[in-house]
Every structure is written in C-alpha cells, then in structure tokens.
Amino acid sequence: MNRRLTRKVVVGSKFVGGSSPISVQSMTNTDTRDIKATINQIKELEENHCDIIRCAVPDLQAAAALKDIINNINIPLVADIHFDYRLALESIKSGVSALRINPGNIGSIDRVRTVAYAAKERQIPIRIGVNSGSLEKDLLEKYKKVTPEALVESALRHVAILESINFNDIVISIKSSDVNMMIDSYRLISQKVNYPLHIGVTEAGTLWRGTIKSSIGIGALLSEGIGDTIRVSLTGNPIEEVRVGREILKSLGLISSGIQFISCPTCGRTQIDLIKIAKEVEDKLKDYPKDIKVAIMGCAVNGPGEAREADIGIAGGIGEALIFKKGQIVKKIKEESVVEELIKEIENM
C-alpha cells in the first residue's frame with residue numbers, strides 16, 4: 001500500500017510522519033501523581049513494545065510529577081492537557097516530549113499561543129486533539145450536529161492559530177466513537193493538510209467490542225495510506241491497547257516483528273481439541289521476540305498447505321498432529337504433547 005506522505009515530526013526519540021514506521025501509543029490509567037505506579041505501568045508498556053506513552057495532567061502536582069517519571073522511562077511521554085493552559089506550561093518545564101491539547105477546552109486564542117510559544121522554544125510538537133464530544137459551540141450551531149466537516153473545521157481553525165506564529169511541529173487527531181464518522185473525518189483532513197495524523201476510535205469500548213471497532217476504523221484508514229501513529233482506546237489494561245495496535249499493523253504488513261499467528265476456525269473434520277491448543281500456544285508465545293509465522297491447523301484439508309507457508313506449524317489428525325517446519329514434516333506427536341513439542345521446536349529454531 002502507498003502511504004500518504006506527511007511532514008515528519010520529532011517526538012522525543014521517535015519520528016512521527018514521513019516515511020517513519022507507524023508508532024503505537026497508549027495512555028496510562030494510573031494517577032499521574034502516583035509516580036511509582038505510573039513508572040511501573042509505563043515500564044510494562046515498554047516491555048510490550050509501546051512506542052509513545054501519554055499521561056493525564058489534571059493539576060500542577062501531576063505536571064510536576066512528570067519530571068521524575070520521564071527520568072525513569074525510555075519512551076517519549078506526551079502530556080495530555082485539558083482546560084488549564086498552565087498545566088501545559090508546567091509540563092513543558094518537566095521535560096515532556098510532546099503536548100496533546102484539545103483546542104475546544106483549552107481557553108482563549110492567546111492562551112493557545114502562549115503554550116505554542118513555550119513549546120516552540122523547546123522544540124516540542126503539539127498534537128491538536130479534536131474530539132466529537134467537545135466540539136466548539138459555534139460549530140455545533142453552524143452544522144446543527146457533530147459532522148466530519150465540523151470536526152475538520154475545528155482542527156483547521158486551531159492549526160491556523162499555530163501556523164500564525166510559524167509553529168509547524170503539529171500532529172492532528174480527529175476522534176469519534178462513531179467509526180464511520182472517524183473514518184470520514186480523517187479522509188477529509190488528509191486532503192487538506194500534510195501534517196502527520198494520530199488515528200484511533202475514541203472510547204471504543206471494552207476489549208472485545210473496542211478491538212473490533214478499532215480494527216475496522218484504524219485498519220480501514222491505514223489500508224488507504226492514512227495514519228502515522230495510532231492508539232487503540234480500550235476500557236481495560238493499556239497493555240491490551242498496545243497488543244491490539246501492533247496486531248493491526250502486523251495484519252496489514254506494516255510491521256513484521258514478533259509472532260504471526262494463524263489458526264483455523266475448526267469444523268466437523270477436526271479430531272483434536274484445537275481451540276485449547278491454539279489458545280495455549282498463543283499464550284506461551286505472546287512475548288516471543290523473533291519474527292516467526294506459526295500455523296495451528298485442525299485437519300488435513302488446509303492444514304498441510306498453511307503449515308508449509310508458515311515457519312512452523314501443526315496439522316491435526318485423529319488424536320495426534322504433524323509438526324511442519326519450513327514445509328517439511330518434522331514429527332508426528334500425540335495430542336497431549338502437541339503444545340510442549342511445538343514450543344520446544346520453536347525455541348530450537
């Protein structure tokens with residue numbers, strides 16, 4: 001697929017936009033003022049390959065806490081600012097890599113400019129985060145309801161404020177919990193600016209529903225070349241956001257690191273407990289660091305073919321399975337030994 005070429009922005013140790021890899025973001029759900037808990041959660045996210053982390057900044061104490069947090073983590077930190085522009089200024093002093101502000105609630109144009117001047121001095125990018133739940137009143141009156149056109153106009157209005165002081169280190173997000181509105185909004189903004197886009201379905205829901213909505217919304221845009229950094233918004237552990245985000249990228253061939261996992265849906269021909277086997281293998285390999293394609297197939301119809309396409313895999317029989325490696329049969333094993341033997345073969349590769 002051809003990616004839309006955007007301006008490249010530096011976010012700490014990462015690049016966002018241009019030809020840079022699409023980064024996966026998440027947001028802590030700890031109290032930012034609890035420095036130890038926040039550091040611990042970020043370190044867990046780092047271990048799960050989160051590229052950029054965002055922290056809520058509800059007050060000045062949280063803004064000041066960011067300094068200690070930043071000194072103990074290895075990925076860029078974005079300060080999430082609402083309502084009080086002074087929180088952005090204090091976060092900049094603490095050394096954040098970027099700011100996320102919602103222009104609809106940050107205050108007057110002068111306050112936005114004050115934040116922008118301070119960010120420009122430190123070469124800190126600003127993400128303009130427009131959200132369907134906090135659209136400006138005059139735009140709601142103009143369009144009668146929340147529409148993609150209204151959301152894009154809101155974003156462009158605040159891009160213009162930053163551009164008026166020659167501030168161009170901008171990332172834009174236009175989020176909605178409505179998947180179609182989110183897709184249409186990003187398509188529209190991508191035709192009007194070349195700033196990098198942070199894409200996601202906001203308030204997508206719990207792990208099950210949120211994963212489906214996010215995969216549709218984010219996946220549709222990425223398949224069209226739209227999007228430079230992503231966040232999957234789930235009600236749950238932020239680690240799941242990162243795992244889902246990376247799986248979306250892997251499914252589209254946008255990253256290749258880690259496990260590619262193939263398993264059949266099972267049918268009446270399946271003679272082993274493939275659902276149990278697939279779940280156990282997936283759990284054991286969830287943190288496997290190497291690029292490898294694993295196929296867990298239930299029978300001899302598609303099993304051998306899929307297993308040959310994978311680096312390693314199994315094809316089930318009656319209470320047993322064949323292990324394939326690089327298209328060659330390695331061994332036949334009993335059902336009760338499948339997981340143990342397969343993992344052993346993978347570790348020996």
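This is a predicted model: local features need pLDDT of at least 70, side-chain atom pairs count only at pLDDT 80 or more; totals for chains, interfaces and linings use all residues.
1. Numbering starts from 1 along each chain as its sequence is written, and side-chain values use heavy atoms, with hydrogens and water left out.

2. The whole-structure search turns up 1 cavity of 30 Å³ or more (points on a 1 Å grid over the protein atoms alone where a 1.4 Å probe fits but cannot get out; lining residues have an atom within 4 Å of a point). The largest cavity has a volume of about 110 Å³, taken as the space filled by probe spheres set on the points. Of its 13 lining residues, V11, Q25, V78, R127 and V171 are the closest to the centre.

3. Now the sheet: it is open, has 8 strands in the order β8-β7-β6-β5-β4-β3-β10-β9, and pairs in parallel. Strands here are DSSP E runs of at least two residues, helices H or I runs of at least four, and pairing takes at least two bridges. β8 (170-175) and β9 (198-199) are the edges; each has a single partner strand, so one side of each lacks a neighbour in the sheet.

4. β9 is joined to β10 (residues 229-231) by 2 bridges, and H198 has T229 as its bridge partner in β10.

Note on methods
On a 1 Å grid over the protein atoms alone, a cavity is a set of points where a 1.4 Å probe fits but cannot get out, and a pocket is an open set with protein on both sides within 12 Å along at least five of seven lines; lining residues have an atom within 4 Å of a point.
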